[in-house]
Amino acid sequence: MHWHRLALLMAVLVMLGWGAWLLRTEGPGGVPFLHGCQVRRWTGLCCPGCGMTRAASAALNGQFLEALRLNPLGMILLPLALVGLLPEMTAWVSKKPMAWRLRPGLKTTRLIVVAILVFTILRNLPGWPLA
């Protein structure tokens, strides 16, 4: 076991847990290190991540439909990213090969990039139904 890697991973997980707890209990406005989207502030346009803090807060409070309304693509991709990261983190800490790995491949990666681009364009069109 590589204790320094485990300690670093645990520190990151504690910070993420603290952030999730703040989002759940205080809402997006109660997280001291989040101050809105800089892309939106500078350009007036929504980036692909706009609404993710509010969506995560809604999801942590069991309001899954509201979370999907705030950022549908992010709420679909976030769990997939977590599923892919868990075995990677385990292998990194143990320095052992992974028994299972999420391998999206080039076609899936391209599909995700195109989906992000299309989502970004659509959400910036007048009349986009989702916030």
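A word on the model before that. What you see is a predicted model, in which local features need pLDDT of at least 70 and side-chain atom pairs count only at pLDDT 80 or more, while totals for chains, interfaces and linings use all residues. Residues are numbered from 1 along each chain as its sequence is written, and side-chain values use heavy atoms, with hydrogens and water left out.

Now the chain. The chain has six helices and zero strands, and its pattern along the sequence reads α-α-α-α-α-α. Helices here are DSSP runs of H or I with at least four residues, strands are runs of E with at least two, and both are numbered from the N terminus. The C-alpha trace spans about 55 × 40 × 30 Å along its principal axes.

Of the 131 residues, 23% are buried. Buried means under 20% relative accessible area, exposed means over 50%, and partly exposed is in between, using a 1.4 Å probe and protein chains only. Among contacts with a separation of 6 or more, 52% come from residues 24 or more positions apart; a contact means heavy atoms within 4.5 Å.

Next, the surface. The chain exposes about 9200 Å², with carbon and sulfur atoms supplying 72% of that area. These areas come from the Shrake-Rupley method with a 1.4 Å probe, and for residues only the protein chains shown count as cover.

Back to leucine 13. Leucine 13 is partly exposed, at a relative accessible area of 39%. It belongs to a nonpolar surface patch of about 660 Å², whose other members include Leu8, Met10 and Trp92. Helix 1, residues 3–26, gives the largest share of that patch, six residues. Patch residues have over 30% relative accessible area and no salt bridge; like charges are joined within 9 Å, and nonpolar side chains (Val, Leu, Ile, Met, Phe, Trp, Tyr) within 5 Å.

How many salt bridges are there in the whole structure? The search finds one. It joins glutamate 66 and arginine 69, at 2.8 Å from N to O. The criterion is a side-chain nitrogen of Lys or Arg within 4 Å of a carboxyl oxygen of Asp or Glu. Both residues lie in helix 4, residues 64–70, three residues apart, about one turn of the helix.

Finally, disulfides: zero are found. A disulfide needs two cysteine sulfur atoms within 2.5 Å. The sulfur of cysteine 46 has its closest cysteine sulfur in cysteine 50, 4.5 Å away, so the two are too far apart for a bond. Cysteine 46 is buried at 13% relative accessibility, and cysteine 50 is buried at 5%.
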